[in-house]
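Subject: Model for your files

Hello,

Here is the model I promised to pass on. My notes on it follow below the structure.

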Amino acid sequence: ATKHILLLAAIAACLAKQAAQEDVIVGTPVAGRNRPELADIAGMFVTTLPMRVRPEAELCFDELLARVRADCVAALENGEYPLERIIADLQFPRSASRNRLFDAMLVYRAKAPQVELQGLTCEPIRFDPGAAKLDLTLEVEEREQGLACELEYDSALFKRGTVRRLAEHFVLLLDRLTAQPDR
């Protein structure tokens, strides 16, 4: 499995444990350049896939990981189906204060290559909109030293200590998974 799939399974397991449920939906953005005619067009083409994960208590993590991998492959095969259309087809009621399909998101960024354009060096910059877009967003960025993680959360819903405990559980889970993936 890729790091992205491993992280998706791990955060879904943490969220399920925290919420005491065995069924969670986590949104995750994926590249939207599946068609060759988009290859030469400048711009960012991203779509968000809602990933339903069922981290049942009796599953060991490698079984959960296999399920999440299979579900991700299937979702990517249908990745051009717009999220807005999924929501419309499911006929969820509108709400200005809530995302209708998922409340948590995983954003995974592989190490970005350094780009040079006619003597200019380009590098990504961070933008803070000042407010959480969802209840909880885990951003993971690959760096030379390892993975850097950041949790953005809606402070009206979560206390800082709650989010800190979630982060600690996530790191502990990743540590245990690398030591004993079959548990």
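Strand 6 and strand 7 are joined by a hairpin of two residues. Helices (H or I, at least four residues) and strands (E, at least two) are DSSP runs numbered from the N terminus, and two strands pair if DSSP finds at least two bridges between them.

This is a predicted model, in which local features need pLDDT of at least 70 and side-chain atom pairs count only at pLDDT 80 or more, while totals for chains, interfaces and linings use all residues. Residues are numbered from 1 along each chain as its sequence is written, and side-chain values use heavy atoms, with hydrogens and water left out.

Strands 6 and 7 run antiparallel, with eight bridges between them; Glu-141 is opposite Ala-148 in strand 7. Strand 6 also pairs with strand 3 (residues 104-109), here in the parallel sense over six bridges, and Ala-104 is opposite Leu-136 in strand 6.

Helix 4 covers residues 160-179. Its buried residues (under 20% relative accessible area, 1.4 Å probe, protein chains only) are Val-163, Leu-166, Phe-170, Leu-174 and Leu-177. They lie on the same side of helix 4 because they cover an arc of only 75° around the axis, taken from the directions from the helix axis to the C-beta atoms. This buried set packs against helix 1 (3-19), helix 2 (61-77), strand 6 (136-143) and strand 7 (146-153), where contact means heavy atoms within 4.5 Å. The face turned away from the buried side carries Arg-160, Arg-176 and Ala-179, which are exposed (over 50%).

Regards

Notes
Expected span 1.5 Å × (residues − 1).
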